[in-house]
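Keep the structure open beside the text.

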Amino acid sequence: MLVSELKPFEDILEYLDGEKNVFLVGCKGCAEACQTGGEAQVLEMKQKLEEEEKAITGYTIIDFACEKALVASKLRGHWSEVMDADSLLVMSCGIGVQATSAVIDKVVHPACNTISLGGAVGTWPGSERCRQCGDCVLDLTAGICPLTACTKGLLNGPCGGAKDGKCEFEPEVRDCGWHLIYERLKKLGQLDKMREIAPLKDRSKMQPPKHLRSTIMWALEQEEREVAPR
Amino acid sequence: MSLEQALSKGKFVITAEVGPPKGVDIEEMLEDAELMRGRVDGVNVTDQQSSVMRLGSLAACHLLKQRGLEPIYQVTCRDRNRIALQSDLLSAYVLGIENVLCLTGDYVSLGDHPDAEPVFDLDSVSLLQAAKALQQGKDLAMKELKGSPRFFLGAVVTPGADPLEPQLIKMEKKVKAGAQFFQTQAIYEPERFEQFMQAVNHLKVPVLVGIILLRSAAMARFMNKNVAGVHVPESLIEEMDQAEDKAKKGIEIAARLIRDMKGTCQGVHIMAIGLEKRVPAILDAAGL
Ligand code: SF4
Ligand code: SF4
């Protein structure tokens, strides 16, 4: 699940400055759940833009706008409306906007901001976060990720900013990650782990490796790109 | 005499900090530093203190060095990655700056550019390791240096932290990583400080107790509420509250704390935070 919020309407109007005809794209996935790109929000956007004298040539709501094949086939079903538009306004997360842009040679505007989740979350997200650092240190830190639980991503213990177990950044809502790690290591009788100096982080591992940039899905995507309407 | 020499001679050392200006008018900073001449063994120069953008610590240290003062270059990990940090350490050395205080740094949200990218590529421990590696002629990538620097490396610790154990563990790591002296966060409870000193006795590393000059009861209450690891006891707050001359009272309390803790540690580090002009008076009152 990705979390998005609608951009201020003035920003959207600014993107559309000088354009008259707009095609709207919504998303029934996360964007509908966030009430940013479901049918209700798309219709509301349509009305607001019409009040600003824009012509909405058509709209479609895609099951999952992150899936390029779905985007391409839906747009094909609205081909003349899409072609009549100066641009497409996509009401979804940044992936949906990019997927739309990838399958059509038209100007595509984002209607939403995608909000940080502070790292990847599981399929049933809880409070645990992973920054996919490529060299997991959870063994040293009692199963609590210092890169995401500590605001500064420190590896060698707490900074001087922790107060009453809370972080110096947003203490009302944030626990000090290193306080949690310390308490848990202590409980597990593993405080010695905290005494070890952590190896330097290899930040290059935070970029996706080559083999993940060229997968079977990637090959399929190349194929899709060729059959998609241009 | 360098800070290192003073400490090795067993002198009770005195350090105080100055803050570079927000801008290029350096007159007041130099005036403040001038007041410390002959009175302190080292002048700390803060690095974008509280994440507020200002004149750099390296340039300010250089100015002090040119004037024959003994600067302590504070370096945080907030704004620079490992390439810039190592490079700045080399730069400091060629400018004659040898005392380096390695800190993690406050989070960007505390300052006046809360929308900046927080870096924290290294932390205080790995920054010390980097400085130590440079001294041994290699950088963090294990590449040979053409000429290696020599530093006197410092670090910080919060003796009033609760719980204290994580601080002690980290302090131990800092020593392992290369820290040769410590300056502490402010502490206003001599008994608590003594317990702390007993707990770190085995590390055999000089500790300079931190003193923040009080300016009012309100300031003390503010610190209690907002500053991690700093606790001003109610009795001191009351003393400040009742004093007619707050400036005098603040100086008196600071001097008393120094006298009370002098016997347990190797020096004192005075943070006057904008009231640097009062530092000589504190030292006079403490008999230093
Ligand atoms: S240490 Fe790295 S891999 Fe492990 S949970 Fe944290 S970010 Fe993910
Ligand atoms: S207070 Fe704790 S969580 Fe926050 S930056 Fe410092 S160590 Fe990390």
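**Two domains in chain A**

Domain 1 of chain A and domain 2 of chain A together bury about 940 Å², and 61% of that area lies on carbon and sulfur atoms. Three residues stand out on the domain 1 side: Arg131(A), Leu140(A) and Ala198(A) supply 44% of the area that domain 1 buries against domain 2, more than any other three residues. The model is a predicted one.

Contact between them involves 13 residues of domain 1 of chain A and 8 residues of domain 2 of chain A.

Now look at the polar side of this boundary. The count between domain 1 of chain A and domain 2 of chain A is 4 residue pairs in polar contact, with both residues at pLDDT 80 or more. By class, the side of domain 1 of chain A that touches domain 2 of chain A divides into 8 nonpolar, 1 polar and 4 charged residues. There is 1 salt bridge between the two domains of chain A. Asp139(A) and Lys193(A) form a salt bridge, with their closest N and O atoms 2.9 Å apart.

**Two ligand shells**

Turn to the ligands. Ligand 1 has Cys130(A), Arg131(A), Gln132(A), Cys133(A), Cys136(A), Val137(A), Leu138(A) and Cys145(A) around it. By class, this shell holds 6 nonpolar, 1 polar and 1 charged residues.

**Where chain A meets chain B**

The size of an interface is often given as the accessible area lost when the parts come together. For chain A and chain B, that buried area is about 2400 Å², with 56% of it on carbon and sulfur atoms. Chain A gives 25 residues to the contact, and chain B gives 31 residues.

How many salt bridges link chain A and chain B? The count is 2. Glu165(B) pairs with Arg195(A) in a salt bridge whose closest N and O atoms are 4.0 Å apart. On the side of chain A that touches chain B, the elements giving two or more residues are α8 (177-187) and α9 (192-195) of chain A. The largest share, 3 residues, comes from α8(A). By class, this side of chain A has 11 nonpolar, 6 polar and 8 charged residues.

Stay with Arg195(A) for a moment. Asp192(A) also forms a salt bridge with Arg195(A), and here the closest N and O atoms are 2.8 Å apart. Asp192(A) and Arg195(A) are separated by about one helical turn, because they sit 3 residues apart in helix α9 of chain A. Over all chains, the whole structure has 30 salt bridges.

**Two backbone details**

Finish with the backbone. Most residues other than glycine have a negative phi, and most peptide bonds are trans. Asp164(A) is not a glycine, yet its phi is positive, about 50°. Asp164(A) lies in the loop between α7 (146-149) and α8 of chain A. In chain B, a cis peptide bond joins Asp162(B) and Pro163(B), with omega about 0°. Pro163(B) belongs to the loop between β5 (152-157) and α6 (165-177) of chain B.

How values were computed. Residues are numbered from 1 along each chain as its sequence is written. Chains are lettered from A and ligands numbered from 1 in the order in which they are written. This is a predicted model: local features need pLDDT of at least 70, side-chain atom pairs count only at pLDDT 80 or more; totals for chains, interfaces and linings use all residues. Side-chain values use heavy atoms; hydrogens and water are left out. Contact means heavy atoms within 4.5 Å. Buried area is the accessible area (1.4 Å probe) that two parts lose on being put together, summed over both. A salt bridge is a side-chain nitrogen of Lys or Arg within 4 Å of a carboxyl oxygen of Asp or Glu. Helices (H or I, at least four residues) and strands (E, at least two) are DSSP runs, numbered from the N terminus. Ala, Val, Leu, Ile, Met, Phe, Trp, Tyr, Cys and Pro count as nonpolar, Asp, Glu, Lys and Arg as charged, and the others, Gly among them, as polar. A residue is near a molecule or strand if one of its heavy atoms lies within 4 Å of it. A polar contact is a pair of N or O atoms within 3.5 Å; within protein, one must be able to donate a hydrogen and the other to accept it, and residues adjacent in sequence count only if both atoms are side-chain atoms.
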